[in-house]
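Open the model in your viewer and show both the cartoon and the side chains. The stops below are given in the order in which to select them.

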Amino acid sequence: MELGYYLHQVGTTFGVGSDASTSSDAARLLRAAPAEIGHLVPAGYLVEGSPGRGNAAVCPWVSFFDPDETTTATRGMYLVYLLAEDRKTFVLSLNQGVTEITKSS
């Protein structure tokens, strides 16, 4: 699947507010990101999509990890597409995971 089509499918089918669900077709598509769009990234890079854990995320996301930098969103720098709360746009962002840093303090 091509990236634009993949993001369009997620963005137009992921629910808003009480209609959002981690068991929806869009949520399954996000979790299937490695299989659906993994072929688009350089060999060895990791792709992960998340509709949220437990409850649906306000901003579901698809991340791209360079394993030389990080393999998780909790530390290091990585690229991520964030789906806006209104489900009308994706934003490409360079993020820095800080969860591990804040837990170790």
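Select Ser-63 to start: it is buried, at a relative accessible area of 1% (buried is under 20%, exposed over 50%, partly exposed in between, with a 1.4 Å probe and protein chains only). This is a predicted model, in which local features need pLDDT of at least 70 and side-chain atom pairs count only at pLDDT 80 or more, while totals for chains, interfaces and linings use all residues. Residues are numbered from 1 along each chain as its sequence is written, and side-chain values use heavy atoms, with hydrogens and water left out.

Ser-63 lies in strand E2 (strands are DSSP runs of E, at least two residues; helices are runs of H or I, at least four; both are numbered from the N terminus). Beyond its neighbours within four places in sequence, Ser-63 contacts Leu-46, Val-47, Glu-48, Tyr-78, Leu-79 and Val-80 (contact means heavy atoms within 4.5 Å).

Next, select residues 61–65, strand E2, together with E1: five bridges join these antiparallel strands (pairing takes at least two DSSP bridges). Val-47 has Phe-64 in E2 as its bridge partner.

Now show the whole sheet. It is open, with four antiparallel strands in the order E1-E2-E3-E4. Its edge strands, E1 (46–50) and E4 (90–97), each pair on one side only.

Finally, select helix H1. Its buried residues are Tyr-6, Leu-7, Val-10 and Gly-11. On the face turned away, look for the exposed Gly-4 and Thr-12.
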